[in-house]
Amino acid sequence: MNAKQVDDEDPLWVTTLGGPHIVVPESACRYWNGSPKNYPDDEGDYGRACEVSGYIGLIDVGPDKALVLGDHPSDTTFLPGSNLFVSWIAADSTADILKTTAEAVGSFPWEEELTWDIRESVILFDSVRSHQHITTEEHLRVDLPPGRYTVRAAHVQTEAVEAVIVQLVQQPRSPIST
């Protein structure tokens, strides 16, 4: 499946074989080797992604940092209108999960937070996959303006929906001192 940018009404959901998703800067993808052929004796990069505890974490991938979306192995998408990754744990429909997660941004408490510097487009894919498989497996290219981002995560649970949301909020640029 080719990478494509999606909109908030008809998102592409990236599946997983059971591990976490990873969001890697595009130029650093070539450094990601996923799970090696002799897994589980050697867990490789996939094992490093699995070591992230909680909903989010940063790990080194080549010269860059990549964002691991951990905790729940579930279909995940990105909603560009709100800079929001949504991991679908339980819901009856896409409409239900999109409506609930949009409402959750302002009403659910953020449980985890970190800072991530982004300088180029990033690619969301299943962390078990290596960079050689990105073009043939489900993945999603996310275009964001370069800058420093606050990445915050929350677990959303209502009677009809359960999801993990991860929002990227660009920090204002610091004025240059003279």
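This is a predicted model: local features need pLDDT of at least 70, side-chain atom pairs count only at pLDDT 80 or more; totals for chains, interfaces and linings use all residues.
**Around serine 87**

Serine 87 belongs to strand E5, which covers residues 84–90. Its side chain forms a polar contact of 2.9 Å with the side chain of threonine 76. Threonine 76 is also among the residues that serine 87 touches, once residues up to four places away in sequence are set aside. The others on that list are Ser74 and Asp75, together with Glu162, Ala163 and Val164.

**Over to leucine 98**

Leucine 98 and alanine 163 lie 65 residues apart in sequence, and their C-alpha atoms are 9.9 Å apart in space. To find leucine 98, look in helix H2, which spans residues 94–107. Leucine 98 is buried because its relative accessibility of 14% falls under 20%.

How many disulfides does the structure hold? The count is zero. Cysteine 29 is buried, at 7% relative accessibility, whereas cysteine 50 is partly exposed, with a relative accessible area of 36%.

| Residue | Relative accessible area | Class |
|---|---|---|
| Leucine 98 | 14% | buried |
| Cysteine 29 | 7% | buried |
| Cysteine 50 | 36% | partly exposed |

Definitions and conventions: Residues are numbered from 1 along each chain as its sequence is written. Side-chain values use heavy atoms; hydrogens and water are left out. Helices (H or I, at least four residues) and strands (E, at least two) are DSSP runs, numbered from the N terminus. A polar contact is a pair of N or O atoms within 3.5 Å; within protein, one must be able to donate a hydrogen and the other to accept it, and residues adjacent in sequence count only if both atoms are side-chain atoms. Contact means heavy atoms within 4.5 Å. A disulfide is a pair of cysteine sulfur atoms within 2.5 Å. Buried means under 20% relative accessible area, exposed over 50%, partly exposed in between (1.4 Å probe, protein chains only).
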